[in-house]
Amino acid sequence: MANQDAVKILKENLGVKLRAFPRDITIAYDDSKHILTMTLLPKYVGLGKEDAVNMQDNAAAFEAWYFIIKAYTNIKNLKIMLDIDGVCNDKYVGGIPSNGHLGRFLYRILKFKEQYGEWFSLSYELEAMRKNFADFLSSGKFVNNEPSKEAEDDEDALGTEGYVEKRFCDDDSLGKLILGFSGKNVVMNRQLPVGLFKDKKSDATAVFTGKKSAIDFWLLYKNELNIYELKAKNKMVGILTEIFFYSNYMRDVYWHNSLETKQNVEILNPKKTDRSYDKLCNGIKSITKITGWLLADEFHPAITDDVINIMNNNGIKNELQYDKKQYDLKIDINVHK
């Protein structure tokens, strides 16, 4: 994670003090225009020859670094641009992306530009790709990825984070109270898939990654949907990128059934089992707000309330907000790992 050149630029030019910065991200600062350009490697967005890297990786989570930099810079009118090393705009000319990682990246830059466009921009090549993806989303019909079976229940197979997630949702736990909710009207479940498909559900029509790609857990209470990205013994900035993607996905796909202002998403028929999916589908139409929660036993030191405030100053603040909550791994959750 050592990138001393980037750490120096951030500290000396922008007043942002970070102990480390991903070595695979290049940054440059134009002092005359107050523009910071961040350049990612192709493999971190699904455009490399190597296998794609998940969006929560330090070198892929551009949203997280942008929120942190904007929260701590002493340059009030700082603008930030995103670029990809050596990318040409013909890498994506429209249609179903070549892989789900690229699809998620294109969706992320689309939503980030929409909501933080006052200070965020894209290179010429990425802007062309963003427009192509927006055209693709507005010109077709899409379906979600509904749960096909219950979430894993074998505690020995879950690992630490999976077990903690399960304990928050178990009826015999204090999970709801720890999160600040109580009562019989609270609907809660875990591992909600976040896939998207063109026309029908199949490997050939996948726009986003599928299979294990899922929201850790969600909670529906009165007119608010709360979704949670949980970490246990895992301090990472990528939690910001994950909750940004998941929150926007739930707003667009489930709540509004709309991609690029078109009413063009069909939610596949709910079943009475499978992670309370039917209750989510029936209840989400009455909500007025989504809150994306960061939930961890310990956060990366750069993730503070100032960062959350930057996230919440978005173009859809009346519908989507973010928050964070820290839990005690030893006291709040009976962890056996």
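## How the model was read

Because this is a predicted model, local features need pLDDT of at least 70 and side-chain atom pairs count only at pLDDT 80 or more, while totals for chains, interfaces and linings use all residues. Residues are numbered from 1 along each chain as its sequence is written, and side-chain values use heavy atoms, with hydrogens and water left out.

## The largest pocket

Let's start with the open space. The largest pocket has a volume of about 920 Å³. Of the 32 residues in its lining, Gln191, Lys211, Lys212, Ser213 and Ala214 are the closest to the centre. Here a pocket is an open set of points on a 1 Å grid over the protein atoms alone, where a 1.4 Å probe fits, with protein on both sides within 12 Å along at least five of seven lines; lining residues have an atom within 4 Å of a point. Points are joined across faces, edges and corners, and the volume is the space filled by probe spheres set on them.

Which elements each supply at least two residues of this lining? They are α5 (155–169), β6 (187–193), β8 (214–221), β9 (224–231) and α7 (238–255), and the largest share, five residues, comes from α5. Helices (H or I, at least four residues) and strands (E, at least two) are DSSP runs numbered from the N terminus. By residue class, the lining divides into nine nonpolar, seven polar and 16 charged; Ala, Val, Leu, Ile, Met, Phe, Trp, Tyr, Cys and Pro count as nonpolar, Asp, Glu, Lys and Arg as charged, and the others, Gly among them, as polar.

## Salt bridges

Side chains of opposite charge can pair when their charged atoms come close. With a side-chain nitrogen of Lys or Arg required within 4 Å of a carboxyl oxygen of Asp or Glu, the count is 17 salt bridges. Arg130 and Glu127 form one of them (2.7 Å, N to O); these residues sit three apart in helix α4 (residues 124–138), about one turn, and both are buried (under 20% relative accessible area; exposed is over 50%, partly exposed in between; 1.4 Å probe, protein chains only).

Lys231 pairs with Glu242 at 2.9 Å between the closest N and O atoms.

Glu298 lies in the loop between β11 (289–296) and α9 (305–312), and Lys235 in the loop between β9 and α7, 63 residues apart. Why does Glu298 count as partly exposed? Because its relative accessibility is 42%; Lys235 counts as partly exposed at 46%. Finally, Lys111, Glu114, Arg251, Asp252 and Glu319 are linked in a network of salt bridges.
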